[in-house]
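Hi there,

Here is the structure I promised to pass on. Have a look at it first, and my notes on what turned up follow below.

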Amino acid sequence: MAVSTTATAPLASLYVGDLHQDVTDAHLFDAFSEFKSLASVRVCRDSTTGRSLGYGYVNFISPQDASQAIEGKNHFSLNSKAIRVMLSHRDPGARRSGIGNVYVKNLSDSIDSVKLQEMFQKFGNVLSCKVVTSDDGKSKEYGFVQFESEISANAAIEKLDGSTVGGKKMYAGKFVKKSDRSLPSPEAKYTNLYIKNLDPGVTEEVLKEKFSEYGKIISLIISKDENGESRGFGFVNFENPDDARHAVEAMHGSRLGSQVIYVARAQKKAEREQMLHYQFDEKRKERVLKYQTSNVYVKNIGDDITDDQLREYFSQWGTITSAKLMRDDKGMSKGFGFVCFSTPEEAIKAVNTFHGSMFHQKPLYVAIAQRKEERQAQLLLKFSQVMRGFAGQSAVIPGRYSSLYYPVPGVSTQFAARPRPGMMYQPFGMRPGWGADGYANYSIPAFNASPFHLVSLLYHSDLYGYIKNKLLCQNELTKNLT
């Protein structure tokens with residue numbers, strides 16, 4: 001919702017969080033309408049479902065009004081729920097850095113967001129303050145305080161951590177992202193070591209003699225089975241953390257008996273699983289970044305085609321690192337597969353050359369491979385563009401029938417020339433009106449679209465299946481409602 005204005009000054013934007021699901025743009029506008037320089041408001045919503053994401057933005061012409069809105073509307077109750085109001089940070093790096101962010105827990109039930117802010121604001125400018133609550137409004141006894149500076153955050157932690165408020169000893173410390181909480185810091189101190197790959201002949205006496213060179217050992221054990229035989233791993237616990245670190249540095253990868261041993265800090269099972277998951281995720285991301293433009297998706301492949309035939313056919317345009325057809329549980333081809341080239345340039349040449357080419361009497365569809373999430377997001381974007389162009393409104397129209405079946409009279413839309421079935425599989429460079437991603441280009445010549453033209457157009461693109469499913473679901477919903 002926007003307010004007409006001729007002002008050219010940059011807007012002062014406020015972030016409004018913790019919004020009730022039922023709060024609309026109109027509610028947000030009414031809540032801030034007392035400020036005369038109010039320019040616009042917006043509740044952010046999910047692009048698919050239209051549901052509120054629980055936050056929005058309020059823009060002012062006057063920075064003074066924005067400051068007064070923060071003071072007057074922060075923790076203001078809107079639809080029976082207290083909202084948070086703060087200056088909007090356009091830089092995502094600043095938002096995610098965690099600078100000045102304090103985590104507070106073990107709070108008394110009597111402490112709400114207002115009281116928490118009163119406790120912390122004496123140490124500096126508080127940008128945001130929140131006590132986390134359950135659906136029924138009860139405190140979960142923890143919260144977050146965002147300071148403008150790290151100095152203020154450190155001063156508040158030093159003074160308030162361990163203090164007693166409302167009969168409970170409060171904890172205050174620097175906020176740590178969930179993904180980093182279980183990962184050990186390189187500077188973490190430890191005394192207990194885990195050793196594996198132990199030779200069956202290595203006894204606890206031998207192990208103690210070897211590791212005692214680095215410091216005093218409190219306890220040592222080699223794990224044994226029910227027959228008293230070594231399981232090949234054990235633990236050594238030092239008195240001093242520095243001695244433990246030196247032992248890891250010296251002994252890891254060294255030979256003890258006939259085996260090269262592994263020595264590292266002993267970890268709990270949950271911590272070890274988190275570390276392995278993190279390492280796996282990092283390697284997966286590296287592979288995705290490395291091959292995301294070198295991997296080619298191929299479909300409409302004949303059932304009798306083998307991996308070797310696919311590799312041989314595509315090897316004309318470069319070095320292939322892998323070629324694989326997807327098969328079902330019975331080993332039957334699913335009609336599609338992937339060819340990975342050594343460089344992105346080779347992959348692009350293969351796409352431009354082989355897309356639409358005949359391979360064993362079948363025209364191939366060839367494109368740069370995408371992850372499922374990326375593909376779904378692209379299809380959704382294209383679907384929205386088509387429906388906006390056809391109906392002259394948003395693709396998501398809550399409470400209405402699809403304009404594909406109930407067209408708005410007299411609406412004229414911009415589309416490419418009528419689809420040409422005979423050119424469906426032609427290479428990109430020879431296909432007027434079609435882009436390299438396999439979708440129609442809607443920015444050139446126009447004609448008056450009818451629902452039947454739209455269906456015909458969509459049939460010749462990957463949007464068809466997606467939109468078909470969306471419309472079937474919408475029809476089923478309509479039947480249930482009626």
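Lys-130 is partly exposed, with a relative accessible area of 25% (buried means under 20%, exposed over 50%, partly exposed in between; 1.4 Å probe, protein chains only). Please keep in mind that this is a predicted model: local features need pLDDT of at least 70, side-chain atom pairs count only at pLDDT 80 or more, and totals for chains, interfaces and linings use all residues. Residues are numbered from 1 along each chain as its sequence is written, and side-chain values use heavy atoms, leaving out hydrogens and water.

Lys-130 forms a salt bridge with Asp-18, with 3.2 Å between the closest N and O atoms (a side-chain nitrogen of Lys or Arg within 4 Å of a carboxyl oxygen of Asp or Glu). The two are 112 residues apart: Asp-18 is in the loop between β1 and α1, Lys-130 in strand β8 (residues 126–133). Helices (H or I, at least four residues) and strands (E, at least two) are DSSP runs, numbered from the N terminus. Asp-18 also meets Arg-84 in a salt bridge (3.0 Å, N to O), and both of these residues are buried. Together, Asp-18, Arg-84 and Lys-130 are linked in a network of salt bridges.

Now for helix α2 (residues 63–73): its buried residues are Asp-65, Ala-66, Ala-69 and Lys-73. On the other side of α2, Gln-64 and Glu-71 are exposed. Lys-73 has a salt bridge too, to Glu-34, at 2.9 Å between the closest N and O atoms.

Best wishes
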